[in-house]
Amino acid sequence: TIYNPYFIADEEFEKKSETKKVILFFGRFDEKVKNFSLLLEAFSQSEVFFEGYKLHLMGEGNDLNFIKQKIKSLNLEHYVEIFPFKNNPYPKVREARFTILTSNYEGFPMSIVESLALGTPVLAVDCNSGPKEIIQNEYNGLLVENHNVKELSKAIRRFAEDDNLYDFCKENAPKSVEHLTLNTIANQWKNLLNNLK
């Protein structure tokens, strides 16, 4: 298997951001794929917003109104903020305490890779497929059983409250995806094509 590479310009790595009490989702607003119901219900149950945490949703898609209604039904209007899609999401990624993915299914989620490359740990569900190929549980992020609101809410609290675990994952995040840089993947393709000659 040769994975898709990530490319983040060098100047992005040189920028520094102060980590905020923000949990970030960035991607398409597609309930069928991304399962915002699970994300919002787990965030609600975690009650980390009582400790100053906010959930930021950044993207675009057909299910924006569904998401807004779900936020309202859970009384989370003061704790969840929605931001439009940005061509460069990296400043928001860098300032987040962690990013989160609750998909029903994925291919190879580049949002996880980009987040880790920028030093932001990831909390993801173990869906088919992708997250478990990138996230090493309690090393560069947390991986939890899918469709399990209780376990996901516990994991949200862990990353919000356990500074030792969080700092360990944050330190390991960039090096955990070094094998997915554009140069590394390009060399893998070059070697493969040369061996076919």
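Analyst: The following account begins with the salt bridges and then turns to the surroundings. The model is predicted.

The count of salt bridges comes to 10. One of them joins the side chains of Glu106 and Lys34, with 2.7 Å from N to O. This pair links distant parts of the chain, as Glu106 and Lys34 are 72 residues apart. Glu106 belongs to the loop between strand S4 (98–101) and helix H6 (110–117), whereas Lys34 belongs to helix H2 (residues 31–34). Both Glu106 and Lys34 are buried.

A second salt bridge is formed by the side chains of Arg157 and Glu51, at 2.6 Å from N to O. Arg157 is part of helix H8 (residues 149–161), and Glu51 is part of the loop between helix H3 (36–46) and strand S2 (54–60), so this pair ties together parts that are 106 residues apart in sequence. Arg157 has a relative accessibility of 25% and therefore counts as partly exposed. Glu51, at 30% relative accessibility, also counts as partly exposed.

Helix H8 also holds the pair Lys154 and Glu151. These two residues form a salt bridge in which the closest N and O atoms are 3.6 Å apart. Because Lys154 and Glu151 are 3 residues apart in helix H8, about one helical turn separates them. Lys154 is partly exposed, with a relative accessible area of 43%, and Glu151 is partly exposed, with a relative accessible area of 31%.

The nonpolar surroundings come next. The largest nonpolar core has 56 residues. The residues with the most contacts inside this core are Ile23, Leu55, Leu57, Ile100, Leu123, Leu152 and Ile156. Leaving aside neighbours within four places in sequence, Ile156 is in contact with Ile23, Ala42, Phe43, Ser46, Val48, Phe98, Ile100 and Leu123.

Leu24 lies in strand S1 (residues 22–28). Leu24 has a relative accessibility of 0% and therefore counts as buried. Among the residues that Leu24 touches, not counting those up to four places away in sequence, are Lys92, Val93 and Ala96. Leu24 and Val93 are 69 residues apart in sequence, while their C-alpha atoms are 7.1 Å apart in space.

Helix H4 (residues 64–73) has three named buried residues, Ile67, Lys70 and Ile71. They cover an arc of only 100° around the axis, so they are on the same side of H4. The buried residues of H4 pack against H3, S2 and strand S3 (80–84). On the other side of H4, Asn65, Gln69, Lys72 and Ser73 are exposed. H4 is followed by Asn75, which has a positive phi, near 55°.

Finally, there is a nonpolar patch on the surface. Trp189, Leu192, Leu193 and Leu196 make this patch, which covers about 420 Å². Leu196 is in helix H10 (residues 182–196). With a relative accessibility of 63%, Leu196 counts as exposed.

Note on methods. Residues numbered from 1 in each chain as written. Predicted model: local features only at pLDDT ≥ 70, side-chain atom pairs only at ≥ 80, totals over all residues. Heavy atoms only, no water. Salt bridge = Lys/Arg side-chain N within 4 Å of Asp/Glu carboxyl O. Helix = DSSP H or I, 4+ residues; strand = E, 2+ residues; numbered from the N terminus. Buried < 20%, exposed > 50% of the residue type's maximum accessible area, 1.4 Å probe, protein only. Arc of directions from axis to C-beta. Contact = heavy atoms within 4.5 Å. Core = buried A, V, L, I, M, F, W, Y, C linked by side-chain atoms within 4.5 Å. Patch = residues over 30% accessible without salt bridge, like charges linked within 9 Å, V, L, I, M, F, W, Y side chains within 5 Å. Areas by Shrake-Rupley, 256 points an atom, 1.4 Å probe, with all protein chains shown as cover.
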